[in-house]
Amino acid sequence: MIIDMPDTTTRDINKRLLTERDEGGAVALGRVLTLIIDAEGHDPEESIAAANEASREHPCRIVVLTQKDDGSTCLDAQIRLGGDAGASEVIVLRVAGGAGTHLDTLVMPLLLPDAPIVAWWPYDVPENPSTHPLGTMAQRRITDTSQCSSPGRSLRHLAEVYADGDTDLAWTRATLWRGLIAATLDQPPFEPVQRAVVVGESTHPSVDLMAAWLAQSLRCPVDVERQPDAPAITQVRLQRASGDIVLDRPDGKTAALRQPDQPEHRIALPIRQLRECLVEELRRLDADEVYGEVLQKGLARIDA
């Protein structure tokens, strides 16, 4: 069900939600959090679709903020319930003019009571997520530097302003790579890694974060080989005295793990979709200490 509410107020939106809940039987008792999506001037539909899919594992109320540039100063809203909202309630707010100057005041009446708040910027990274009007309300703040015009610069800026609760989907996209590398190094022979190499797309921030994680965890030199048309991360090589460990994924789908004196292992390792990454980040509402350490210390190691 989709309900359009042109030129409205948050008070009227709340009233309509209560009416639909009473008449249609929709309940908010099972919602575990409020997810605020700040799409700014971008089309929010891709982000809404990912959030709807994620809500099947994390039922939530989704509040979407998007800007309109039609010369007006009013607030238009759209409520999506039932099959149009996954396991959530979706409230799309299209703000213009003065209506968008105080985003925290705008969304506050729509927050679920006594429920955690997660803020997500799927496109542009704010100057400082933790001091942004939406970020100050949130326990978790999710950015996505892969969508920025200058991912590397945005990533390093986030390192300067990092606060507990910040995370980035570029970090989440490398989770499976980190898990496979860690599992491989937990097997004999337990030799130190002398040097590591990360190969991947020239501007993809997951490449930088993977290299930073290796530098911070293994305390060894890490080189980054950048390829203009590569599908995200394509290879990680770990140099040890007994021979190299190579995890190679040239096609973005299947990886080959090669180790000395062992047969080659083929592993399904597709590029992670937006929905998968969002689901993972909504599983935890505490600070990701490893991400913070990698962002603040690991990046400095590879940049040095």
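Colleague: Are Trp171 and Tyr291 buried or exposed?

Modeller: Both are buried, where buried means under 20% relative accessible area, exposed over 50% and partly exposed in between, with a 1.4 Å probe and protein chains only. Bear in mind that this is a predicted model: local features need pLDDT of at least 70, side-chain atom pairs count only at pLDDT 80 or more, and totals for chains, interfaces and linings use all residues. Residues are numbered from 1 along each chain as its sequence is written, and side-chain values use heavy atoms, with hydrogens and water left out.

Colleague: How many aromatic pairs does a search of the whole structure find?

Modeller: Rings of Phe, Tyr and Trp (its six-membered ring) pair if their centres lie within 6.5 Å; planes under 30 degrees apart are stacked, over 60 edge-to-face, and the rest tilted. The search finds 2 such pairs. Tyr162 and Tyr291 are edge-to-face, 6.0 Å centre to centre with 65° between the planes. They sit 129 residues apart, Tyr162 in the loop between helix H4 (151-160) and strand E8 (166-168), Tyr291 in helix H9 (residues 289-303). Helices (H or I, at least four residues) and strands (E, at least two) are DSSP runs, numbered from the N terminus.

Colleague: And what about Trp171 and Tyr291?

Modeller: Their ring centres are 5.8 Å apart and the planes are at 55°, so that pair is tilted. Tyr162, Trp171 and Tyr291 form one aromatic cluster.

Colleague: Which charged end sits over the ring of Trp171?

Modeller: The rule asks for NZ of Lys or CZ of Arg within 6 Å of the ring centre and within 35 degrees of the ring normal. Here the charged end of Arg178 sits over the ring, 3.6 Å from its centre.

Colleague: What is the strand order in the open sheet of 6 strands?

Modeller: Strands of a sheet pair through backbone hydrogen bonds, either parallel or antiparallel. Two strands pair if DSSP finds at least two bridges between them. The order here is E10-E9-E11-E12-E13-E14, with mixed pairing. Strand E10 (222-227) and strand E14 (265-268) are the edges, each pairing on one side only. Strands E12 (residues 245-248) and E13 (residues 254-258) run antiparallel, joined by 3 bridges.
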